[in-house]
Amino acid sequence: ILYYLKYSLIGKDIYLLFAILCGAFSYFIRDAGAAICGAFFFLGIWEFMIYKNWRKFLLYVFPFASILIFKLIFPPFNSNLFDDLISKITYERCIQPIYLIYENVSKNILPLNRLYNVGFLFVAVWMIIVTGLISFYKSQKKKFNVFISLFLMFYVFIHVFAGAIEERYFLIIQIIMLLFFLFGLYLIIARIKLTEKLILTIFIVVSIEAAAKDLVRIKNWCFTENYTFRNEVETTEALKTWSFIKKNTLPNDIVFFRKPTVLRLFTTRNSCVFLEDSIFVNRPNINFYQLDASCGNVKNHLQNVKLKRDTIFTKGKFQLIRLIPLNPKR
């Protein structure tokens with residue numbers, strides 16, 4: 001198929017096709033994929049307005065089209081997710097992710113992140129990033145710059161809109177900003193005309209000092225009397241819960257849980273976060289369960305389906321509930 005496409009639809013754009021396929025596939029893995037698909041879609045529109053090339057336009061919109069087709073064929077479980085987000089939009093919820101991006105990038109981008117906590121240094125880091133970004137954009141092709149800009153815009157928008165505030169969500173942004181920072185730092189060093197040996201010596205000394213402070217901090221944190229190792233998924237209670245689920249449920253059963261990837265990893269059972277009407281429709285041979293735990297309960301978006309709840313297992317903070325739909329076809 002790829003051989004045929006190479007000489008018909010794609011031509012010399014075989015590498016572009018693989019990039020776009022990866023973008024479409026990544027949507028089903030992480031939220032960065034949604035930003036990639038949006039960037040490809042609008043990049044395709046932008047390029048089509050300039051070159052009027054239908055072949056490339058179809059390639060660029062492929063990720064968005066494939067996801068749209070998937071949504072039409074397989075109705076999403078989280079159909080009420082949009083309404084749930086809209087109802088919780090506040091000024092603080094939108095501003096906090098932007099501030100976290102600003103603060104975390106500033107702290108983590110240098111080996112000095114444990115040596116300082118001064119506001120003006122944060123500003124200095126971002127000034128270097130902007131310097132590198134401007135210079136980088138001048139040295140790259142216009143299409144690549146448009147793609148990077150679109151991706152960053154969509155990725156930030158997703159998390160500002162969704163109100164995500166965990167640092168791990170911004171790792172991709174930190175990596176991209178680090179590249180721009182290094183590019184800007186290189187330009188500044190080139191202007192100052194420092195020798196390579198001096199630059200390397202300064203970097204090594206600062207890195208060793210920062211690493212030493214980190215090691216001392218970790219030692220003080222781990223070996224104090226009040227320190228408690230937290231690994232909630234492998235406590236005695238949790239392990240007994242995973243074991244009970246594996247022994248008392250079937251492979252096709254669905255367990256609603258706030259941390260579906262954790263449950264899938266330890267039990268191999270299907271899992272999702274939201275209780276939705278569509279999940280219970282036309283599934284006659286599947287049993288449904290809800291696992292409540294200290295990390296939070298699942299969100300309930302049921303409208304028509306009525307459920308009977310029967311607690312079948314309790315262990316500490318874990319509680320497994322059997323869900324019996326009373327009107328699954330409604």
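1. The expected span of a helix is 1.5 Å times one less than its number of residues. Helix α3 (residues 32-51) has 20 residues and extends 28 Å between its first and last C-alpha, close to the expected 28 Å. Helices here are DSSP runs of H or I with at least four residues, and strands are runs of E with at least two, numbered from the N terminus.

2. This is a predicted model, in which local features need pLDDT of at least 70 and side-chain atom pairs count only at pLDDT 80 or more, while totals for chains, interfaces and linings use all residues. Residues are numbered from 1 along each chain as its sequence is written, and side-chain values use heavy atoms, with hydrogens and water left out.

3. The buried residues of α3 include Cys37, Phe40, Leu43, Glu47 and Phe48; buried means under 20% relative accessible area, exposed over 50%, and partly exposed in between (1.4 Å probe, protein chains only). Just after α3, lysine 52 adopts a positive phi of about 55°.

4. Isoleucine 73 lies in helix α4 (residues 54-73). Isoleucine 73 counts as exposed because its relative accessibility is 55%.

5. Five strands make up an open sheet of mixed pairing, in the order β2-β1-β4-β7-β6. Strands β2 (270-272) and β6 (307-315) stand at the edges with a single partner strand each, so one side of each has no neighbour in the sheet. Two strands pair if DSSP finds at least two bridges between them. Strand β1 (residues 254-256) runs parallel to β2, joined by three bridges; valine 255 has serine 271 in β2 as its bridge partner.
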